[in-house]
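Open the model in your viewer and keep the selection tool at hand. This tour goes stop by stop, saying what to select and what is there.

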Amino acid sequence: MAKKVAMVTGGAQGIGEAIVRRLSADGFAVAVADLNEVKSKEVADDIEKNGGSAMAVKVDVSDRDGFFAAVQEVADKLGSFDVLVNNAGLGPTTPIDTITPELFDKVYHINVAGDIWGIQAAVEQFKKQGNGGKIINATSQAGVVGNPNLALYSSTKFAVRGLTQVAARDLAEENITVNAYAPGIVKTPMMFDIAHEVGKNAGKDDEWGMQTFAKDIALKRLSEPEDVAAAVAFLAGPDSNYITGQTIEVDGGMQFH
Ligand code: NAD
């Protein structure tokens, strides 16, 4: 049987890389879609070396035409298009008084508009194929509860949760499900950068910055990217067919509400 095809944006490192590797292990042909061509190719080559089917595709998710072209390239090369994981995102630390119009545009174009362009491009393919599909968006624990010093990031991730609910309703008739995952504190390059800032501001090191986050986690450990990938694999697979419009919080118990 032909493999189902999943495209993961921001797939070259961090959570996205863990997702492409997990989906490949689960039997998907995967497209590693990222701005970083070199790293995307390394990940795709490594998956192929280990017996999976993978390709790298360059995409800037904030470029609508480019996103459509990338999705078409994946469908052409891998023969189908079944799952889009809108994972790419920027996570700048921004106290509210530091947000400039330029930074606002940049972060909203990637974190919010990028998801909308991705949904549009994926839906075009799903409709051509006529058998539905799955869209999975990255939000954050910061998109569930307002986080200090993350005004810009937090607001984009609240937007993604809203978008997920609306798109789930709008696309249900086409047998397309739309869900989201909300990671907590995951050991990725993005989080190491944030930990560096937090540590520096307190006159301490990066590890101290990272461990300050752990005290809010019920399970008392930081998340591995693979913890998040496991939840995404559930949302990408058939066991979640009757779930849509939901956000799964994969945060080790940071917030209960
Ligand atoms: P990361 O910064 O480590 O990796 C992001 C990847 O996205 C990189 O490979 C980068 O090249 C790519 N990328 C950036 N801009 C892009 C663009 N315009 N087009 C295509 N690719 C682009 O990030 P991560 O920590 O793995 O986070 C992945 C997602 O999970 C993000 O949406 C992030 O907001 C969310 N998230 C992360 C955490 C965490 O603790 N790390 C927590 C909550 C939510």
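**Stop 1: the ligand.** Select the ligand and the residues around it. The shell has 29 residues, and the closest are Gly 10, Gly 14, Gly 89, Thr 188 and Met 190. A residue counts as near a molecule or strand if its C-beta atom, placed from the backbone, lies within 6 Å of it. This is a predicted model: local features need pLDDT of at least 70 and side-chain atom pairs count only at pLDDT 80 or more, while totals for chains, interfaces and linings use all residues. Residues are numbered from 1 along each chain as its sequence is written.

Colour the shell by class. It divides into 14 nonpolar, 13 polar and two charged residues. Here Ala, Val, Leu, Ile, Met, Phe, Trp, Tyr, Cys and Pro are nonpolar, Asp, Glu, Lys and Arg are charged, and the others, Gly among them, are polar. Helices H1 and H6 (189-201) each supply at least two residues of this shell. Helices (H or I, at least four residues) and strands (E, at least two) are DSSP runs, numbered from the N terminus.

**Stop 2: the two domains.** Now colour by domain. Domain 1 covers 3-185 + 223-248, and domain 2 covers 186-221. These bounds come from an automatic or database domain assignment. Their C-alpha centres lie 24 Å apart. Where does the ligand lie relative to domain 1 and domain 2? Both domains give residues to its shell, so the ligand lies between them.

Select the domain boundary next. Twelve residues of domain 1 are in contact with ten residues of domain 2. Contact means that the C-beta atoms of two residues, placed from the backbone, lie within 7 Å. On the domain 1 side, helix H1 (14-25) and helix H8 (225-236) each supply at least two residues. That side has five nonpolar, six polar and one charged residue.

**Stop 3: Gly 16.** Stay on helix H1 and pick Gly 16, which sits in it. Gly 16 is buried, with 28 other C-beta atoms within 10 Å. The cut-offs: a residue is buried if 20 or more other C-beta atoms lie within 10 Å of its own, exposed if 12 or fewer, and partly exposed in between, with C-beta atoms placed from the backbone. Leaving aside neighbours within four places in sequence, Gly 16 is in contact with Val 8, Thr 9, Gly 10, Gly 11, Asn 87 and Ala 88.

**Stop 4: helix H8.** Select 225-236. H8 has twelve residues and reaches 16 Å from its first C-alpha to its last, close to the 16 Å expected at 1.5 Å a residue. The expected span of a helix is 1.5 Å times one less than its number of residues. H8 is mostly covered, with nine of its twelve residues buried. Among them are Pro 225, Asp 227, Val 228 and Leu 235. What do the buried residues of H8 pack against? Their partners are H1 and the strands E1 (5-9), E4 (83-86), E5 (133-138), E6 (176-183) and E7 (247-250).

**Stop 5: helix H2.** Move to residues 37-49. The 13 residues of H2 should span 18 Å, and its end C-alpha atoms are 18 Å apart, which agrees. Which residues of H2 are buried? They are Ser 40, Val 43, Ala 44 and Ile 47. Just after H2, Gly 51 takes a positive phi of about 95°.

**Stop 6: Trp 117.** Select helix H4 (residues 101-129) and find Trp 117 in it. Trp 117 is buried, with 23 other C-beta atoms within 10 Å. Not counting residues up to four places away in sequence, Trp 117 touches Val 61, Arg 64 and Phe 67.

**Stop 7: two positive phi angles.** Most residues other than glycine have a negative phi. Asn 149 has a positive phi of about 65° although it is not a glycine. Asn 149 lies in the loop between E5 and helix H5 (151-171). With 17 C-beta neighbours inside 10 Å, Asn 149 counts as partly exposed.

Finish at Lys 220, also not a glycine, with a positive phi of about 60°. Lys 220 lies in the loop between helix H7 (206-214) and H8. Is Lys 220 buried or exposed? With 10 C-beta neighbours inside 10 Å, Lys 220 counts as exposed.
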